[in-house]
Amino acid sequence: MLQGLKEKGAGTAPSSEPWFVYLVECNDGSLYTGITNDILRRVRKHNDGKGASYTRTRRPVKLLYYERCANRSEALIRECAVKALPRDKKLDLTR
């Protein structure tokens, strides 16, 4: 699933670079949705305990799904839409 995603250095990406909406499964089976401009770095932060407070106590997390968005604004809008989905619809995205 992570093929073709290059890990970038630290810092903020220019606005022309894509953002991603992602869905991870936590160790307790719960799902977490977020956005990032660097998926590999973000999943690593979640697993290092330096990501969202929700995932900090539910490690390790496993990346289930991501989708590319044109910019941060689009990613935030899509994140809200995904978060509003019931669990079964979120899991449908992963198939």
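What follows is a short chat about the predicted model shown above.

Reader: What am I looking at, and how are residues numbered?
Author: This is a predicted model, where local features need pLDDT of at least 70, side-chain atom pairs count only at pLDDT 80 or more, and totals for chains, interfaces and linings use all residues. Residues are numbered from 1 along each chain as its sequence is written, and side-chain values use heavy atoms, with hydrogens and water left out.

Reader: How many helices and strands?
Author: Four helices and three strands. Helices (H or I, at least four residues) and strands (E, at least two) are DSSP runs, numbered from the N terminus. In sequence order the pattern is β-β-α-α-β-α-α.

Reader: What percentage of the residues is buried?
Author: Of the 95 residues, 39% are buried. Buried means under 20% relative accessible area, exposed over 50%, and partly exposed in between (1.4 Å probe, protein chains only).

Reader: Which residues make up the largest nonpolar core?
Author: Ten residues: Phe 20, Tyr 22, Val 24, Cys 26, Tyr 32, Ile 39, Val 43, Ala 52, Val 61 and Leu 63. A nonpolar core here is a set of buried Ala, Val, Leu, Ile, Met, Phe, Trp, Tyr and Cys residues joined through side-chain atoms within 4.5 Å.

Reader: What does Val 61 touch?
Author: Leaving out residues up to four places away in sequence, Val 61 touches Val 24, Glu 25, Cys 26, Val 43, His 46, Asn 47 and Thr 55. Contact means heavy atoms within 4.5 Å.

Reader: What is in the second core?
Author: That separate core has six residues, including Trp 19, Val 21, Cys 69 and Ala 75.

Reader: Switching topic. Is Ser 30 buried or exposed?
Author: Ser 30 counts as buried because its relative accessibility is 15%. It is found in the loop between S1 and strand S2 (31-36).

Reader: What is Ser 30 in contact with?
Author: Beyond its neighbours within four places in sequence, Ser 30 contacts Val 24, Glu 25, Tyr 54, Arg 58 and Arg 87. Its side chain also makes a polar contact of 2.6 Å with the side chain of Asp 28. A polar contact is a pair of N or O atoms within 3.5 Å; within protein, one must be able to donate a hydrogen and the other to accept it, and residues adjacent in sequence count only if both atoms are side-chain atoms.

Reader: Which residue forms a salt bridge with Asp 28?
Author: Arg 58, with the closest N and O atoms 3.1 Å apart. The pair links distant parts of the chain, 30 residues apart: Asp 28 is in the loop between S1 and S2, Arg 58 in the loop between H2 and S3. Asp 28 is partly exposed at 48%, and Arg 58 is partly exposed at 23%.

Reader: How many salt bridges does the count come to?
Author: Five, taking a salt bridge as a side-chain nitrogen of Lys or Arg within 4 Å of a carboxyl oxygen of Asp or Glu. One of them joins Lys 83 and Glu 79 (3.3 Å, N to O). Both residues lie in helix H3 (residues 72-83), four residues apart, about one turn of the helix. Lys 83 is partly exposed at 45%, whereas Glu 79 is buried at 10%.

Reader: Where is the cis peptide bond?
Author: From Arg 59 to Pro 60, with omega near 0°. Pro 60 is found in the loop between helix H2 (53-56) and strand S3 (62-69).
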